Amino acid sequence: MTRRFYITTPIYYPNGEPHLGHVYTTVCADVIARYHRLAGGRTWFLTGTDWHGIKMVKSAEEQKTTPQALAEKNDQTFIDFWKELGITNDDYIRTSEPRHVKSVTEIVNRMLASGDIYLGSYEGWYDEGQEEFITETEAKANEFKSVVSGKPLGRYKESTYFFKLTKYVDRVFQAIESDQIRVLPPSRKNEILSKLKGWNQDLSISRASLKWGIVMPNDPEHVLYVWIDALSNYITALGLPGSTDDKDGNEAGEKDGKEADKDLAAFWPADVHLIGKEILWFHAFYWPAMLMSLDLPLPKTLFAHGWWTSEGKKMGKSLGNFIDMDRLRAVNLTYSLDTLRYYLLRAAPFGSDLDWKETELATAYAELGNVVGNLLNRTMNMITKYRDAKVPALGITEDRDAVLIKTLADLPAAVAGAFAGLELQRAVLLPIEAARAVNTYIDQTQPFKLAKDPAQQKQLDTVLNLCAQGCKKVLAALLPILPAKAAAGLAQMNVVLDGQTIADLIGSDLPAGHQLGTAAVLFPRIETK
Ligand code: ME8
């Protein structure tokens, strides 16, 4: 059976333009998706936008427009920006699309049929920026302000439909505790488990006072709580099993339910829901409980990454440290898109909080040039000069050669392990460390001296061979991270990618006599003002 891999990002609120935070999640998901495509599995990468809820209404009021117009405008900006950044999502869902609305209606109907929804009344605190109900204890602990935005909490009192969360709390606890749903990083798992312990409240899932949302199928006076609507995107985009709608939103009959089943069966359950840490609770509790109510399989991994600050402070438009599209474009223009990707992934162990530092972009670029660019340059130039651009066969191997051979032999499993554990910073640093090891090896073996000594030609062959193997393996391992630069480097080496998995590329050796192409500088020196 073909291996399948399904990864999602959160669907972002189109109440503003994408910024560093959105770009980070989407780039990380893109790196993982590219890795899995290169690993040979069928991969599906979903992103999109989350149109409904009070936050969109309030933002539209502030910007003197309608939620619809606001969402349309920013949605297009998200779509265009992902293209500009070379993001390889396979699908893009908006919660306003018929395929989503129809399937969500079906989801609520099934939850109603399961007896999991009842009418009641809610009185309590609400964080409008987060679209989150806050318990009395939590509200008090944070002086009745949002933990995320610092804005005052709203007080809500209304008649509402509830979803029986309490019915599922023990099962969700067990699914997480047993790693049936893997919550990463591990510290987050403990956080969720302790919050779930003793949870005794059902979830208000409808608003009668709000008009902007999906209408409750059993009561047109109410619209559905935005998180029930939003979380559903992960399956509505694939096509809900048993529903008559297909994934393109065509009417029943154009593509029947069985085919929709096939789509979902192929990719559901999701392998990874990649999210920011502030929305883990929704994904770790509400979403599994909904899936249990629907009798659908649970996602395999929830990865909650850290939050970006900028130059040591929370990002804010008024603080002048906001990393917006223009700032990100400027980075791409100066240093290249791949450098931005490298910087983002390298900035902290995956899962930890991160801080944007302008000076570190130049450092990241210099590192790529000094380590990867330099290795490629030296390898290409030496083999061209000493062996007519043909990779020589491995000659005599001594201890120092054997050490490098071992380092390179360990690389495929290490890279696979890093991606399996979603250790993205490690996945980036592994090829960089390998490149450093080859550079050090060149410094120690001094091939330019060996070249001058006719008695040392077998040693020179070994050094040149290992440089070529090392360089190719490093570039191959960098393909998901630096797609343009790594492909350009491999093209210089005349390495054909077609049909080879990333494991093949990192694991195999170039044959003796392999003809290299023409060298070119991968990371040109940048004139700074
Ligand atoms: O929460 N650092 O949408 P959203 C790191 N629509 N990541 C950040 C970040 C920062 N400073 N700021 C934002 C929503 N993000 C809901 C999601 S999913 C079913 C519904 C990223 O537009 C991070 O991934 O507020 C975070 O989870 C997401 O953007 C929140 O995007």
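**Burial, Charge and Helix Geometry in a Predicted Chain**

Modeller: Glu132 is buried but has no salt bridge; Lys195, the nearest side chain of opposite charge, is 4.4 Å away. This is a predicted model, in which local features need pLDDT of at least 70 and side-chain atom pairs count only at pLDDT 80 or more, while totals for chains, interfaces and linings use all residues. Residues are numbered from 1 along each chain as its sequence is written, and side-chain values use heavy atoms, with hydrogens and water left out.

Biologist: Which residues are in contact with Glu132, leaving aside neighbours within four places in sequence?

Modeller: Contact means heavy atoms within 4.5 Å. The partners of Glu132 are Trp125, Tyr126, Asp127, Lys195, Tyr225, Trp281 and Phe282. Glu132 itself is placed in strand E5, residues 132-134; strands (at least two residues) and helices (H or I, at least four) are DSSP runs numbered from the N terminus.

Biologist: What makes Gln68 partly exposed?

Modeller: Buried means under 20% relative accessible area and exposed over 50%, with partly exposed in between, using a 1.4 Å probe and protein chains only. Gln68 has 34% relative accessibility, and therefore counts as partly exposed. Gln68 lies in helix H3 and is in contact with Trp51 and Trp212, neighbours within four places aside.

Biologist: How do you know that the span of H3 is close to the expected one?

Modeller: The expected span is 1.5 Å times one less than the number of residues. For the 18 residues of H3 (67-84) the expected value is 26 Å, and the helix reaches 25 Å from its first C-alpha to its last. Its buried residues include Leu70, Phe78 and Trp82, and their cover includes strand E1 and helix H12. Just after H3, Gly86 has a positive phi of about 70°.

Biologist: Why does the radius of gyration of the chain agree with a compact globule?

Modeller: The radius is taken over C-alpha atoms, and the globule rule is 2.2 Å times the number of residues to the power 0.38. For 529 residues a compact globule would have a radius near 24 Å; the chain has 26 Å, so the two agree. Of these residues, 56% count as buried.

Technical notes
Lys, Arg positive; Asp, Glu negative; His and termini not counted. Salt bridge = Lys/Arg side-chain N within 4 Å of Asp/Glu carboxyl O.
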